[in-house]
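Please look through the structure below before reading on. The text starts with one chain and then turns to its partner.

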Amino acid sequence: MTHNYTHIILADDDEDDRLFFTDAFDELKMQTKVSTFNDGVYLMEYLNQQDAIMPHLLFLDLNMPRKSGIECLKEIKANSKFKNITIAIYSTSASEEDIEDTFVKGANIYIKKPSDFKKLKKVLSNVVTRNWQYETSGLNRDNFLLRL
Amino acid sequence: MKLFVKFNFNMVCATVLKHELEKLNIKHRILGFGEVEFLETLSDVKQEAFALALSKYGIELVADDKRILVQKIKDTIVDMVYNKEADIQVKSSVYLSETLGHSYSYLANLFSEVTYTSIENFIIIQKIEYTKHLIITQDITLTEIAFKLGYSSVAHLSTQFKNTTGITPSAFQRIVTKRKEENS
């Protein structure tokens with residue numbers, strides 16, 4: 001069925017990055033609902049609640065204290081309850097091998113955090129649009145790999 | 001053991017439609033391309049039951065005229081990319097306009113208005129998705145895929161793949177292969 005809003009979650013321990021992220025979506029006005037979590041432990045606690053609203057799109061920072069983005073990714077991929085979530089890795093920088101490794105472990109999108117706000121808005125709008133196409137045009141999500 | 005299956009999307013969907021329509025005892029004719037003609041007036045209750053039955057399959061009833069036409073544009077493009085690309089000698093804009101009986105500028109504007117993306121962009125995405133599908137399921141070279149999809153050269157396809165997904169076709173193949181290894 002069609003849904004009106006794209007539900008988005010970001011897990012990131014950096015307060016500025018979280019703020020940038022929510023501000024960008026506020027300005028984009030794309031019919032999105034954004035929630036943020038301060039680290040991987042809080043994120044997984046939320047997702048594992050029985051009545052949690054599942055996000056359509058989940059952005060994971062890689063380097064977080066307590067539970068890293070990769071650990072979250074592994075837990076999420078191991079549980080079929082989460083199979084409809086598109087996972088975007090949202091990270092400052094990483095080697096080519098690390099990037100490919102996140103894809104192999106099941107991430108759909110890899111985003112290098114843009115340095116300026118205008119770029120961030122463009123990247124996020126691109127991700128939401130592409131995800132929407134996968135949801136509404138019957139494309140195979142297993143083949144959804146995108147690097148920005 | 002693992003095997004790949006190849007779907008004929010049109011046939012799968014038509015079969016599902018027929019099955020559900022017969023279950024609800026609705027007199028109908030399936031016109032292809034996702035169009036169904038009801039040979040009786042459908043009560044609201046029955047229409048709702050039909051919509052609910054289809055939603056299980058991710059199939060949606062489309063009722064308003066604009067969205068119907070947009071769906072037809074999408075279906076025509078998918079059919080064009082998956083089944084006919086090499087046979088079509090005219091530009092896709094001409095093909096769409098002739099097939100659907102509207103001017104291309106009308107179709108293009110409507111499409112952007114409803115989907116927030118352009119027809120050109122949609123065609124590229126479909127071609128790249130089909131390329132991914134072929135890379136995974138068939139023993140076929142990128143050069144052969146480029147020819148099959150009507151690209152002027154393998155470099156053109158390769159560049160478009162990279163621009164659309166951010167990764168190269170060979171990286172895509174490598175990732176998919178590694179994923180399979182990790183999961184088996």
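Two strands pair if DSSP finds at least two bridges between them. Strands (E, at least two residues) and helices (H or I, at least four) are DSSP runs, numbered from the N terminus. This is a predicted model, in which local features need pLDDT of at least 70 and side-chain atom pairs count only at pLDDT 80 or more, while totals for chains, interfaces and linings use all residues. Residues are numbered from 1 along each chain as its sequence is written, and chains are lettered from A in the order in which they are written.

Chain A has five helices and six strands. Along the sequence they follow the pattern β-α-β-α-β-α-β-α-β-α-β. The six strands form an open sheet in the order S2-S1-S3-S4-S5-S6, with parallel pairing. Its edge strands are S2 (32-37) and S6 of chain A, each of which pairs on one side only.

Strand S1 (residues 6-11) of chain A pairs with S2(A) in the parallel sense over six bridges. Here His7(A) stands opposite Lys33(A) in S2(A). Helix H1 (residues 15-28) of chain A packs on the sheet and touches S1 and S2 of chain A. The direction of H1(A) makes about 175° with that of S2(A); axes are lines fitted to C-alpha atoms, for helices over the stretch in contact, and angles run from 0 to 180 degrees between N-to-C directions.

How much of chain A is buried? Buried residues (20 or more other C-beta atoms within 10 Å of their own; exposed means 12 or fewer, partly exposed in between; C-beta atoms are placed from the backbone) make up 32% of the 148 residues in chain A. The C-alpha trace of chain A spans about 35 × 35 × 30 Å along its principal axes.

Chain A also meets chain B. Two residues are in contact if their C-beta atoms, placed from the backbone, lie within 7 Å. By this rule, 14 residues of chain A are in contact with 18 residues of chain B. Helix H4 (96-104), helix H5 (117-136) and strand S6 (146-147) of chain A each give two or more residues to the side that touches chain B. H4(A) gives the most, with three residues.

In chain B, Asn121(B) is found in helix H6 (residues 119-137). Asn121(B) counts as partly exposed because it has 16 C-beta neighbours inside 10 Å. Asn121(B) and Thr164(B) are 43 residues apart in sequence and 9.4 Å apart in space, C-alpha to C-alpha.
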